[in-house]
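Hello,

Here is the structure I promised to pass on. My notes on it follow below.

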Amino acid sequence: CQKCHGVKVQKGGLRLDSRAAALQGGESGPAIKPGDADASLLIEAINYDPDGYQMPPTGKLAPDQIAVLADWVRRGAPWPQDGPSGTGAGQAFNLAERASH
């Protein structure tokens, strides 16, 4: 996804390198609807919707990969930086600090 929807290139105005960007979406609207895989354009695209997008353009993902992404959306599309405060999610790992414990 990052090759066409990352920091350097955003085809269709879509970035998929952060949860906020996926929620905002691109020219077609939000890429994901957390909790609702059936209403998420990303899931439609990776399922090769015959009347819509077919992503990635190089070939359809394996069924187990599609299932993992659909499950991720159903679970609310959690993102590492969105973890509860105090969990260390999204924080840089500091080896020197860890060694002092």
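**Pocket lining**

By class, the lining of the largest pocket holds 14 nonpolar, six polar and three charged residues. Nonpolar here covers Ala, Val, Leu, Ile, Met, Phe, Trp, Tyr, Cys and Pro; charged covers Asp, Glu, Lys and Arg; the others, Gly among them, are polar. Before you read on: this is a predicted model, where local features need pLDDT of at least 70, side-chain atom pairs count only at pLDDT 80 or more, and totals for chains, interfaces and linings use all residues. Residues are numbered from 1 along each chain as its sequence is written, and side-chain values use heavy atoms, with hydrogens and water left out.

The volume of the largest pocket is about 540 Å³. It is lined by 23 residues, and H5, K11, L14, L16 and M55 are the closest to its centre. The largest share, four residues, is from α3.

How is a pocket defined? On a 1 Å grid over the protein atoms alone, a pocket is an open set of points where a 1.4 Å probe fits, with protein on both sides within 12 Å along at least five of seven lines. Lining residues have an atom within 4 Å of a point. Points are joined across faces, edges and corners, and the volume is the space filled by probe spheres set on them.

**Backbone**

A cis peptide bond joins M55 and P56, with omega about -5°. P56 sits in the loop between α3 (41-46) and α4 (63-74). Y48 is in the loop between α3 and α4. Y48 is not a glycine, yet its phi is positive, about 55°.

A77 also calls for a look. Its phi is near 55°, a positive value in a residue other than glycine. A77 lies in the loop between α4 and α5 (95-99). A77 is buried, at a relative accessible area of 0%. Buried means under 20%, exposed over 50%, and partly exposed in between (1.4 Å probe, protein chains only). Helices are DSSP runs of H or I, at least four residues, numbered from the N terminus.

**Cysteines**

How many disulfides does the structure hold? The cut-off is a pair of cysteine sulfur atoms within 2.5 Å. Why is C1 without a bond? Its sulfur is 8.8 Å from the closest cysteine sulfur, in C4, and that is too far. C4 is in no disulfide either. C1 counts as exposed, at 65% relative accessibility.

Best wishes

Conventions:
Helix = DSSP H or I, 4+ residues; strand = E, 2+ residues; numbered from the N terminus.
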